[in-house]
Amino acid sequence: MADDYFEYRHTVGFEETNLVGNVYYVNYLRWQGRCRELFLHQKAPDVLAEVQDDLKLFTLKVDCEFFAEITAFDELSIRMRLSELGQTQLEFTFDYVKVTGGAEVLIARGRQRIACMRGPNTNTVPSRIPEGLARALEPYSAPSRALVGRAA
């Protein structure tokens with residue numbers, strides 16, 4: 001059975017830690033963005049072309065809840081799932097899993113809400129989520145949440 005998440009693997013570097021030696025909180029948000037970018041690059045390159053045209057993916061809300069500390073050289077799996085798909089907005093969840101050998105420990109969980117917009121910066125308006133993006137996200141929908149606003 002295939003995983004229901006898009007995965008970004010990451011090894012923590014010294015530059016991502018603070019003076020105490022644990023990961024500085026802002027990096028969790030950077031990794032959400034990186035995971036989202038890699039998803040678009042690997043699974044929805046046509047949407048990237050739209051972004052270069054006039055599609056804008058505005059991040060409306062970001063959060064992260066921390067459960068355990070991590071340090072330099074810890075191996076992470078950042079797992080992105082689609083939790084909500086509307087007409088013009090979508091929401092992702094992110095599980096941050098520390099992978100040590102065969103063991104996995106959930107160290108944090110985050111969310112990100114995004115709005116699709118189009119038009120010049122002085123007159124940007126909400127836009128429907130591109131069909132190519134909706135199709136690319138189908139395999140990654142969280143099983144506990146129904147997708148709204150899309151025909152089957």
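**View 1. Lining of the largest cavity, by class.** Seven nonpolar residues, no polar ones and one charged residue make up the lining of the largest cavity. Nonpolar covers Ala, Val, Leu, Ile, Met, Phe, Trp, Tyr, Cys and Pro; charged covers Asp, Glu, Lys and Arg; the others, Gly among them, are polar. The model is predicted: local features need pLDDT of at least 70, side-chain atom pairs count only at pLDDT 80 or more, and totals for chains, interfaces and linings use all residues. Residues are numbered from 1 along each chain as its sequence is written, and side-chain values use heavy atoms, with hydrogens and water left out.

View 2. One cavity of 30 Å³ or more turns up in a search of the whole structure. A cavity is a set of points, on a 1 Å grid over the protein atoms alone, where a 1.4 Å probe fits but cannot get out; lining residues have an atom within 4 Å of a point. The largest cavity has a volume of about 60 Å³. Its lining is Arg36, Phe39, Leu40, Leu57, Leu90, Phe92, Ile114 and Leu133. Helix H1 (26–43) gives the largest share, three residues.

**View 3. Aromatic pairs.** The structure holds nine aromatic pairs (ring centres within 6.5 Å; planes under 30 degrees apart are stacked, over 60 edge-to-face, the rest tilted). Tyrosine 24 and tyrosine 25 are tilted, because their planes lie at 55°, with centres 4.9 Å apart. Tyrosine 28 and phenylalanine 66 are edge-to-face: planes at 75°, centres 4.7 Å apart.

**View 4. An aromatic cluster.** Tyr28, Trp31, Phe66 and Tyr96 form one aromatic cluster.

Technical notes: On a 1 Å grid over the protein atoms alone, a cavity is a set of points where a 1.4 Å probe fits but cannot get out, and a pocket is an open set with protein on both sides within 12 Å along at least five of seven lines; lining residues have an atom within 4 Å of a point. Grid points are joined across faces, edges and corners, and a volume is the space filled by probe spheres set on the points. Helices (H or I, at least four residues) and strands (E, at least two) are DSSP runs, numbered from the N terminus. Rings of Phe, Tyr and Trp (its six-membered ring) pair if their centres lie within 6.5 Å; planes under 30 degrees apart count as stacked, over 60 as edge-to-face and the rest as tilted.
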